[in-house]
Amino acid sequence: MIDAIGGVASVLLPWVAGTYAVRALWRRAPAVPGVLAVGYGYLVGAFAATCTMRALSLAGMRWNLPVLAGAMIVLGAIAWWLARRTAPADGPSPGLRQALAAEPPVLRWLFRIALALVAIRLAGLAVDVLAAPLRGYDQWAHWATKARVWFEHGRMVPFVSSDMWLARGDPALFTDGNPGHPGTIPLLQAWTATFLGAWNESLINLPWIALAIALPVAFFAQARLAGASAPLAMVAAWLLMSLPVLDGHIAVAGAADIFMGAAYGLAAMAAWRWSVTREAPMAWLAAIVAVAGLAIKVEGVLWMATLVPGVVVALSRRAGLVLAGAAVIAFAGWLAFGPARLPMMGYALLSRPINVLPTLIDHVLVFDNWHLAAYALVAIVAWRWRILLAPRLAPMTMTMAAAVGLVVVVYFFTPAAVGVADETLVNRFLLHLAPALAFYALLLCVEGRERPGDQPSLQATNAADA
C-alpha cells in the first residue's frame with residue numbers, strides 16, 4: 001500500500017504541476033485546451049522534477065521525500081495561481097462531447113473503439129512494466145546504474161570513463177557502460193525510488209507508464225488543433241500507440257529512447273502549431289520541451305537542430321528553402337571533395353557511405369517492427385505531394401526532411417552504421433522520429449479541412465512568404 005501511494009505521488013505531483021505550468025503559459029492569451037495541457041504536462045513536470053534534483057545536488061543538499069515533494073507542491077501552487085489568471089477564450093469553443101455529438105453515429109463508435117483500444121494497450125503495457133524487473137542491456141548498464149548510485153547517495157555523484165576510474169582509484173567516482181549519458185532518465189528513476197523509500201527495479205519505471213499515457217493525449221490534442229475530427233484524431237493516436245517498436249520500448253522500460261521520441265515529437269508538433277498561429281505560448285512550449293529533449297540523450301542536440309529549418313521556413317519561406325538547397329549542395333560537395341573521415345561532436349563524419357540498406361529495408365519494410373507504417377507514409381506523401389511546400393505545411397515538411405536527412409547521415413555516413421548493420425541501433429534511432437512523423441502523416445491527410453480560426457494572421461502570412 002505504501003509503495004502504491006508513493007508511486008502514484010511520484011507521478012502525479014510533477015504531472016499536475018506541469019499541467020498547470022503549461023496552462024500558465026497562456027495566461028495572457030486565450031485559454032489552452034485542457035487536453036493539450038495534460039498531454040504536455042507530464043514531460044514538462046518531469047523535467048522540472050529533474051531540474052529540482054540537479055539544483056539540490058549542486059547546492060550540496062541531500063534528496064529526501066519532504067524536500068522533493070515540497071518543491072513540486074510549491075511549483076504546482078505557483079503554476080496554479082498563474083493559470084487562474086489566464087485570459088478568457090475568444091469565444092465558446094465546442095468541447096469533445098459536443099464535437100462527437102456532431103459526428104455520425106458510426107464515427108462516434110469509431111472514436112469509442114479507438115479509445116478502448118488505446119486504453120487496453122496502455123493497461124497491458126502498464127502490467128508488463130510493473131510485473132518485470134529491469135530488462136535489456138541499456139536499461140541496467142547505461143541508465144539504472146546512475147539511478148541506483150544517486151539514490152543511495154541522495155545526490156548526483158560523478159560517473160567517469162572506465163580508464164579514469166581505474167587510474168584514479170577514488171571511491172567517490174563511479175563508472176558504467178556509458179558515463180557520458182545525460183542524467184535526466186536516471187534522475188527520474190531516482191525520483192521515483194525516493195518516493196517509494198526503497199529501490200524497486202519494477203516500480204522505478206513508473207515514469208514510462210506515465211509517458212505512455214501522456215504521449216497519445218498530447219498527440220490527440222495537437223491533431224484536433226490541426227483540424228482532425230475527434231474520431232480521426234483518436235484513430236491516429238491508436239495507430240501511433242500500436243507501433244510494435246514503440247510499445248516494446250515502453251514495456252521493456254528503463255531506456256531513454258521513448259522519452260527522446262516523445263520530446264522530439266511534442267516539440268515538433270508545438271513548433272508547427274506556432275508556425276500556423278504565431279501563438280507565443282506555443283513557441284515557449286516548443287522551446288521548453290526541446291530543452292528537455294536536449295537533457296535526455298546526447299543525440300538530442302541533433303534531433304532538436306532539425307527543428308531549426310522548419311522555424312526558418314515559418315519566418316521566411318523563401319529564405320528557408322534557399323538554406324535547405326544550400327545544405328544539400330554543401331553535403332554533395334562534402335561527398336565529392338571532403339576528407340574520408342572528419343571528427344565532429346565526438347563522432348566521425350564519413351565521406352564514403354557504408355551500405356546498410358539491406359538491414360534498413362528488412363527492419364522498416366519487411367519485419368513487423370513498424371507494421372505497415374512505412375508503406376502508409378509513402379502512399380500519403382505520394383497522394384499529397386502537391387501540397388508538401390504549401391505555406392501551412394512547408395515548416396513541418398522541412399523539419400521532417402531535416403530529420404530524415406539526419407537518419408540518412410547517421411546510418412550511412414558515420415561509424416554508427418555498425419550499430420545499424422548489427423541491428424542494435426536501427427529501430428532505436430527511428431523511434432526518436434516516429435511520433436513526429438506520424439503527426440506529419442496526419443497533417444497531410446487533414447490539410448484543407450482546418451478548423452475555424454486556424455489560419456495565420458495576414459501579417460504572419462506575409463512574413464512567411466517574404
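## Salt bridges and a helix contact

Q: Does Glu-447 count as buried or exposed?
A: In this predicted model, the relative accessibility of Glu-447 is 16%. A residue under 20% counts as buried. Glu-447 therefore counts as buried.

Q: Which residue meets Glu-447 in a salt bridge?
A: A salt bridge needs a side-chain nitrogen of Lys or Arg within 4 Å of a carboxyl oxygen of Asp or Glu. For Glu-447 the N to O value is 3.3 Å. The partner is Arg-392.

Q: How many residues apart in sequence are the parts that Glu-447 and Arg-392 tie together?
A: Glu-447 lies in the loop between α21 and α22 (458-465). Arg-392 lies in the loop between α18 (373-383) and α19 (394-413), so the pair ties together parts whose separation in sequence is 55 residues.

Q: What is the relative accessible area of Arg-392?
A: Arg-392 is buried, and buried means under 20%. Its relative accessible area is 8%.

Q: What is the N to O distance in the salt bridge of Lys-297 and Glu-299?
A: Lys-297 is buried, as is Glu-299. Their side chains meet in a salt bridge, with an N to O distance of 3.7 Å.

Q: Do Asp-128 and Arg-135 count as buried or partly exposed?
A: These two residues form a salt bridge, with the closest N and O atoms 3.3 Å apart. Asp-128 has 31% relative accessibility, and Arg-135 has 31% as well.

Q: How many salt bridges does the structure hold?
A: The pair Asp-128 and Arg-135 is a salt bridge, and so is Glu-447 with Arg-392. The number of salt bridges in the structure is ten.

Q: At what angle do α17 and α21 pack, and how is α17 placed relative to α21?
A: Helix α17 (residues 357-366) and helix α21 (residues 426-446) have axes 11 Å apart and pack at an angle of about 55 degrees. That angle makes α17, relative to α21, oblique.

Q: How many charged residues are in the contact of α17 with α21?
A: From α17, Leu-360, His-363 and Val-364 meet Val-426, Asn-427 and Leu-430 of α21. Of these contact residues, four are nonpolar and two are polar, and the number that are charged is none.

Note on methods. Residues are numbered from 1 along each chain as its sequence is written. This is a predicted model: local features need pLDDT of at least 70, side-chain atom pairs count only at pLDDT 80 or more; totals for chains, interfaces and linings use all residues. Side-chain values use heavy atoms; hydrogens and water are left out. Axes are lines fitted to C-alpha atoms, for helices over the stretch in contact, and angles run from 0 to 180 degrees between N-to-C directions. Helices (H or I, at least four residues) and strands (E, at least two) are DSSP runs, numbered from the N terminus. Angles under 35 degrees count as roughly parallel, over 145 as roughly antiparallel, 65 to 115 as roughly perpendicular and the rest as oblique. Contact means heavy atoms within 4.5 Å. Ala, Val, Leu, Ile, Met, Phe, Trp, Tyr, Cys and Pro count as nonpolar, Asp, Glu, Lys and Arg as charged, and the others, Gly among them, as polar. Buried means under 20% relative accessible area, exposed over 50%, partly exposed in between (1.4 Å probe, protein chains only).
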